[in-house]
Amino acid sequence: MAEAALNTAPNVELELTDGFHLVIDALKLNGVNTIYGVPGIPITDFGRMAQAAGIRVLSFRHEQNAGYAAAIAGYLTKKPGVCLTVSAPGFLNGLTALAHATTNCFPMILISGSSEREIVDLQQGDYEEMDQLAIAKPLCKAAFRVLHAESIGIALDRAIRAAVSGRPGGVYLDMPANLFGQVISAERGRRSLVKVIDGAPAQIPAPDAVKRALDVLQGAKRPLIILGKGAAYAQADEAICALIQKSGAPFLPMSMAKGLLPDTHPQCAGAARSTVLRDSDVVMLIGARLNWLLSHGKGKAWGETPKKFIQIDIEPKEMDSNVEITAPVVGDIGSAVAALLEGMGGNWPVPPADWINGVNAKRDENIAKMAPRLMNNNSPMDYHAALGVLRTIVKERPEAILVNEGANTLDLARGVIDMYRPRKRLDVGTWGVMGIGMGYAIGAAVETGKPVLAVEGDSAFGFSGMEIETICRYKLPVCIVVFNNDGIYRGTDVNKAGSDPATTVFVKGARYDRMIEAFGGVGVNAVSPDELRRAVNAAMDSGRPTLINAVIDPAAGSESGRIGNLNPQSKLRKS
Ligand code: ADP
Ligand code: TZD
Ligand code: MG
């Protein structure tokens with residue numbers, strides 16, 4: 001109406017805005033100052049304008065890696081990481097990362113350009129035509145399409161809320177090309193923007209749920225606390241630490257929860273994992289699901305001892321997903337842990353000494369068994385020789401962020417490399433997915449400004465390897481160590497049926513270090529633990545993008561790393 005009035009006043013020039021600027025204004029209003037993506041129709045100008053408006057726009061070589069960067073940004077900051085893609089193929093490339101964010105409970109928003117609704121809906125063959133909204137829906141927490149410039153503010157508000165509230169996850173925002181060019185008055189535009197207030201509201205657990213949990217915990221003879229990446233995400237580090245200390249119970253960190261308390265903490269049972277799973281009688285899960293990574297809470301790994309589970313999780317539907325939860329505590333971890341601590345009062349009984357001493361003895365025995373293997377000086381190196389070096393470097397540089405993927409390279413690094421600070425270990429997560437490496441390394445370096453050490457199987461690295469150009473272009477402090485064992489699991493397989501190589505082997509003696517030299521980074525070939533140590537320390541000191549080709553004995557690994565048991569067995573006899 002104001003416009004109509006203005007339009008009739010010949011001397012007043014109407015200030016206008018458009019879809020491009022409204023998306024930028026809405027993002028900035030809500031504190032989104034970084035976007036990860038790949039440009040192209042219809043978002044090329046959007047990227048330029050966002051950059052001009054002071055948003056950092058990181059341009060990748062493949063959308064999947066941009067998506068993984070956004071996903072890990074969400075995990076590290078508790079704000080949704082934003083990934084921007086072009087229509088159909090770009091969107092699909094980003095979708096894997098969106099699904100990954102949802103699966104791992106990381107807040108992320110995938111914004112994708114799309115083609116014109118009228119043409120898509122009549123399937124008339126537009127440029128990069130695809131019904132993206134329908135395809136995204138089953139893979140995220142929420143999916144919205146914005147058709148009018150005036151709806152951009154509300155749409156972004158809803159996307160942020162959906163991503164960060166309750167159990168965090170991925171959200172899809174569909175923006176058809178002509179949205180960006182729609183013009184409205186600047187005043188209407190300003191009024192349409194919304195700043196999210198209290199986007200992830202505290203969810204306080206019910207007092208009787210807290211009491212029930214404490215009763216169960218108090219009755220334990222052999223208590224165990226399992227910390228998952230939800231606990232690391234919650235950023236309630238001090239309260240969690242206080243709860244564990246007060247309980248006196250051994251704790252087991254899941255992979256990405258390592259470092260929430262140091263792995264060297266006297267109550268850490270990481271090196272006695274099988275013992276504590278098998279022999280515990282009460283298990284308190286904090287931000288960890290009883291999925292495959294915990295053998296679904298039953299079966300051989302959990303032994304004969306009957307278990308009672310206490311589970312703290314923000315998602316009510318998670319309770320009883322695999323086994324009965326005796327004491328469900330539904331709430332956000334910060335509020336739930338605070339309530340538990342208060343309920344424990346000043347005099348919480350310490351767990352029976354035989355349990356604590358037994359766990360500690362087993363842990364010390366396992367650590368002592370591994371120690372000499374980490375000091376071997378073999379060349380070519382085995383996994384333990386190389387990881388022994390990296391373990392010391394991480395101990396000396398606890399602020400560094402460790403990115404880790406591969407099979408043997410992942411499973412052995414997880415066991416060998418102690419972590420000392422929260423949210424410093426980023427890895428393949430719930431799916432055990434290969435390809436997170438360079439996206440995570442970039443996202444982590446950009447969001448935290450800390451040095452990143454990426455420990456990568458040679459196969460794992462290949463999924464995102466082209467992003468070393470991105471790392472060099474933005475001069476990020478990333479040191480990549482490729483554990484080069486000539487292939488997947490082992491480099492020794494032979495195809496007996498023909499002249500093609502076996503399916504799991506790569507070019508022998510490949511020099512991954514030379515790849516980064518093409519982009520001005522530092523490449524090093526390391527064949528001994530000493531060479532590896534020198535090269536990683538130099539990279540971490542200089543902050544220069546570095547790729548170290550760590551030559552690993554091709555016979556050292558095992559099939560599928562530590563999860564070979566998940567391979568199906570053929571019922572047919574070999575002839
Ligand atoms: P891990 O793989 O480390 O075992 P999972 O990804 O399986 O961890 O589990 C993480 C759990 O944490 C999810 O069930 C999720 O709902 C929960 N979660 C995430 N953030 C919070 C939070 N702030 N408060 C409570 N629970 C949370
Ligand atoms: N594709 C995707 C996206 N994720 C996967 N997990 C796989 C394929 C299957 N896969 C694994 O589970 S580990 C792995 C593949 C291909 C690579 C293992 O080889 P690597 O590590 O070189 O990375 P090691 O040290 O040789 O075991
Ligand atoms: Mg390999």
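Q: Let's start with D174. Buried or exposed?
A: Buried: its relative accessible area is 0%. Bear in mind that this is a predicted model.

Q: Which element holds D174?
A: D174 sits in strand β7.

Q: What's the C-alpha separation between G170 and A288?
A: That one is 18 Å, for a pair 118 residues apart along the chain.

Q: OK, on to the ligands. Which residues are closest to ligand 1?
A: R167, K229, R289, D313 and I333, out of 21 residues that surround ligand 1.

Q: What polar contacts does ligand 1 have with side chains?
A: Two to mention here. A polar side-chain atom of D313 is 2.5 Å from an oxygen atom of ligand 1, and R289 places a polar side-chain atom 2.8 Å from an oxygen of ligand 1.

Q: Where does the backbone come in?
A: At I333, where a backbone N or O atom lies 2.9 Å from a nitrogen atom of ligand 1.

Q: How much of ligand 1 does the protein cover?
A: 97% of the 580 Å² of accessible area that ligand 1 has on its own.

Q: What's the make-up of that shell by class?
A: Around ligand 1 there are nine nonpolar, six polar and six charged residues. The largest share of the shell, three residues, is from helix α12, residues 229-233.

Q: Now ligand 2. Which residues come nearest?
A: Y383, N408, T409, D458 and N485, from a set of 17 around ligand 2.

Q: What distances do you have for its polar contacts?
A: An N or O atom in the Y383 side chain is 2.7 Å from an oxygen atom of ligand 2. On the backbone side, a polar atom of A460 is 3.0 Å from a ligand 2 oxygen, and one of A407 is 3.2 Å from an oxygen of ligand 2.

Q: How much of ligand 2 gets buried?
A: The protein buries 76% of the 600 Å² that ligand 2 exposes when taken alone.

Q: Which elements give two or more residues to its shell?
A: α18 (408-416) and α20 (458-462). Of the elements, α20 gives the most, with three residues.

Q: And the split by class around ligand 2?
A: Eight nonpolar, eight polar and one charged.

Q: N485 and G487, buried or exposed?
A: N485 counts as buried because its relative accessibility is 2%. G487 counts as buried as well, at 4% relative accessibility.

Q: Switching topic: where does R423 lie?
A: In the loop between α18 and β15, where β15 is residues 425-427.

Q: Why does R423 count as buried?
A: Because its relative accessibility is 13%, and buried means under 20%.

Q: What does its side chain contact?
A: The R423 side chain makes a polar contact with the side chain of D237 at 2.8 Å. A polar atom of the R423 side chain also lies 2.7 Å from the backbone oxygen of A232.

Terms used
Residues numbered from 1 in each chain as written. Chains lettered and ligands numbered in written order. Predicted model: local features only at pLDDT ≥ 70, side-chain atom pairs only at ≥ 80, totals over all residues. Heavy atoms only, no water. Buried < 20%, exposed > 50% of the residue type's maximum accessible area, 1.4 Å probe, protein only. Near = heavy atom within 4 Å. Polar contact = N/O pair within 3.5 Å; in protein donor to acceptor, adjacent residues only side chain to side chain. Areas by Shrake-Rupley, 256 points an atom, 1.4 Å probe, with all protein chains shown as cover. Helix = DSSP H or I, 4+ residues; strand = E, 2+ residues; numbered from the N terminus. Nonpolar A, V, L, I, M, F, W, Y, C, P; charged D, E, K, R; others polar.
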